[in-house]
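Here is a short tour for anyone meeting this protein for the first time. Have a look at the sequence and the model below, then read on.

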Amino acid sequence: MITSLTDKSDEIQNKFSSELLADDRVTAVSFMGANIRDFKNMLNSLNMVVVVMIVCAAGLAFVVLYNLTNINIAERVREIATFKVLGFYNKETSRFIYKENLILTVLGILAGLLLGILLTGFIIRTVEVDNIMFGRDIYFTTYLYASGLTLLFSLIVNAVMSFKIKAVDMVTSLKSVE
């Protein structure tokens, strides 16, 4: 039986449900307002989990980009020193590393977006239950945000690493034995 109460206060709803449950033919009473409120609370909690995951993913992306760039520079100290000895300016020397990082970042973004589509579909199908279905659409702006943040992190890492590239000592780097 579906009915609509004119007064939707908790007191009236409790009284109405008590009267209905007193009848042996009624096994349960449910109010749509309460169901909607519970569902909104659940979605707010889920939104907080999503925000935490996004922040953690952003931190992980930054750390990975930083470490890869740091390793790249450490492995190529002799090459960087050679460029400096040949008369290349710091900006020109840094540009070699930056181009590689940006190319690898763009390739990583493309691969990440493709794998992200598959992983998101899998997660959504796994998390859904009979009475709750989540939207499966991924909006274009989501791709833009993910790509933009990754590029921004890459540019920040490049800016931070420019100091390390400038600090490469030409003489000691070229004297070192591999």
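Is Glu79 buried, partly exposed or exposed? Glu79 counts as partly exposed, because its relative accessibility is 34%. On this scale, buried means under 20% relative accessible area, exposed means over 50%, and partly exposed is in between, using a 1.4 Å probe and protein chains only.

## Before we start

This is a predicted model, so local features need pLDDT of at least 70 and side-chain atom pairs count only at pLDDT 80 or more, while totals for chains, interfaces and linings use all residues. Residues are numbered from 1 along each chain as its sequence is written, and side-chain values use heavy atoms, with hydrogens and water left out.

## The overall picture

The protein has six helices and zero strands, and reading along the sequence gives the pattern α-α-α-α-α-α. The radius of gyration is 29 Å, well over the 16 Å that the globule rule gives for 178 residues, so the protein is more spread out than a compact globule. That radius is taken over C-alpha atoms, and the globule rule is 2.2 Å times the number of residues to the power 0.38. Helices (H or I, at least four residues) and strands (E, at least two) are DSSP runs, numbered from the N terminus.

Along its principal axes, the C-alpha trace spans about 95 × 30 × 25 Å. Of the 178 residues, 19% count as buried. Ala74 sits in helix H2 and is partly exposed, at 47% relative accessibility.

Side chains of opposite charge can pair when their charged atoms come close. A salt bridge here is a side-chain nitrogen of Lys or Arg within 4 Å of a carboxyl oxygen of Asp or Glu, and the count by this rule comes to two. In one, Arg76 meets Glu79 at 2.7 Å, N to O. Arg76 is buried, with a relative accessible area of 14%.

Arg76 also meets Glu100, at 2.5 Å, N to O. Glu100 lies in helix H4 and Arg76 in the loop between helix H2 (32–75) and helix H3 (77–85), so this pair ties together parts that are 24 residues apart in sequence. Glu100 is partly exposed, with a relative accessible area of 33%. Through shared partners, the salt bridges join Arg76, Glu79 and Glu100 into one network.

## Patches on the surface

Patches are made of residues with over 30% relative accessible area and no salt bridge; like charges are joined within 9 Å, and nonpolar side chains (Val, Leu, Ile, Met, Phe, Trp, Tyr) within 5 Å. Accessible areas come from the Shrake-Rupley method with a 1.4 Å probe, and for residues only the protein chains shown count as cover.

Which residues make the positive patch? Lys91, Arg95, Lys99 and Lys166 gather there on the surface. Helix H4 (residues 90–127) gives the most to this patch, with three residues, while Lys166 lies in helix H5 (residues 140–166). Lys166 is partly exposed, at 46% relative accessibility. Lys and Arg count as positive and Asp and Glu as negative, with His and the chain ends not counted; the place of a charge is NZ of Lys, CZ of Arg, CG of Asp or CD of Glu.

There is a nonpolar patch too, of about 550 Å², made by Ile103, Leu104, Val106, Leu107, Leu110 and Leu151. H4 gives the most here, with five residues. Leu104 lies in helix H4 and counts as exposed, at 56% relative accessibility.
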